[in-house]
Amino acid sequence: MAEDGDDRKPRARTGERTGDRASGGPRPAPRSGKGGGGGRAGGAKGPRGAPGAPRPAPWRQGPGGDGALWLFGLHAVRDALANPARRKTRLILTPNAAVRLGEDVIEAAGLTPESADPRRFHAPLDPQSVHQGAAMEVLPLDWGGLEEVCAPRGERDVVVLLDRVTDPHNVGAVLRSAEVFGARAVVAPARHAAPETGALAKTASGALERQPYLRVKNLSSAMATLREMGYSLLGLDGEGETTLDQALDARPGPVALALGAEGPGLRPKTRETCDALVRIDSAADFASLNVSNAAAVSLYAATRPRGGG
């Protein structure tokens, strides 16, 4: 048996799905997120103080007494160690994980790791966590305000809005796609949304350290602010009267993509705040996409040249 756990261990199934269906033919009742589920903006890779770099959150009280969380897995821990804006308090490694991370990476972070027996890994993690012999206690990142992070810089700026997407695996996957396609931010409500956790960070595979994940008090108010900043607000909905590509062609400027979770999909207030409800075209009337897949497809479409640009 490998010392640091088996990466092939099956992950828990996620339930959030979206109902993006092709046009044409009778449509069934809305299902799973209505056409799209799900951003943190890129550009926060520089040293502390660089434009767009996240600020370490203040030490604040939380359910655990200090607001700290445990990251786990080699990718998540390595990228957090390399992030100067991440406040780190404790590092636990098996000997094999320490070798895989590298002495230089560990020393540069200024933490002295605790050595752990791979058979009795003593970090306070869920027993099902595939930690790969690496875990680190950190404080949440503070990326700054919405207007600061999402200030438009170009015609194809994109923000992802997640309306009550609570599964950390889905949010982690959305963050990973958002980083790949250069989204300005992933925005979610402060309540009823997946918080920053080890499971989310592991699924994001390092993107949590670089891709802004903003938690706002009121999602509709944040959407109104984005509209004032020049963003078009497109809600992904399987019953949308137009396709995402058509809507993007008609709007050459910055775009915010709103995606909802399974069941209720986008909430009524979120739908009303959108400039248009759109669907992801598909080859089958009853096809649907998981929220993270819908986010990836939407981000790809939104970051291509559009409207003759």
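Here is a short walk through the salt bridges of this structure, with a stop at one valine.

The model is predicted, so local features need pLDDT of at least 70 and side-chain atom pairs count only at pLDDT 80 or more, while totals for chains, interfaces and linings use all residues. Residues are numbered from 1 along each chain as its sequence is written, and side-chain values use heavy atoms, with hydrogens and water left out.

Let us begin with charge. Side chains of opposite charge can pair when their charged atoms come close. A search of the whole structure finds twelve salt bridges (a side-chain nitrogen of Lys or Arg within 4 Å of a carboxyl oxygen of Asp or Glu).

One of them joins arginine 86 to glutamate 196, with 2.6 Å between the closest N and O atoms. Arginine 86 sits in the loop between helix H1 (74-81) and strand S5 (88-93), and glutamate 196 in the loop between strand S10 (184-189) and helix H6 (198-204), so the pair ties together parts 110 residues apart in sequence. Both arginine 86 and glutamate 196 are buried (under 20% relative accessible area; exposed is over 50% and partly exposed in between, with a 1.4 Å probe and protein chains only).

Next come glutamate 179 and arginine 210, whose side chains meet at 2.4 Å, N to O. Asp79 joins Glu179 and Arg210 in a network of salt bridges. Arginine 210 is partly exposed at 21% relative accessibility.

Finally, turn to valine 160 in strand S9 (residues 158-163); strands are DSSP runs (E, at least two residues) and helices are too (H or I, at least four), numbered from the N terminus. Valine 160 is buried, at 0% relative accessibility.
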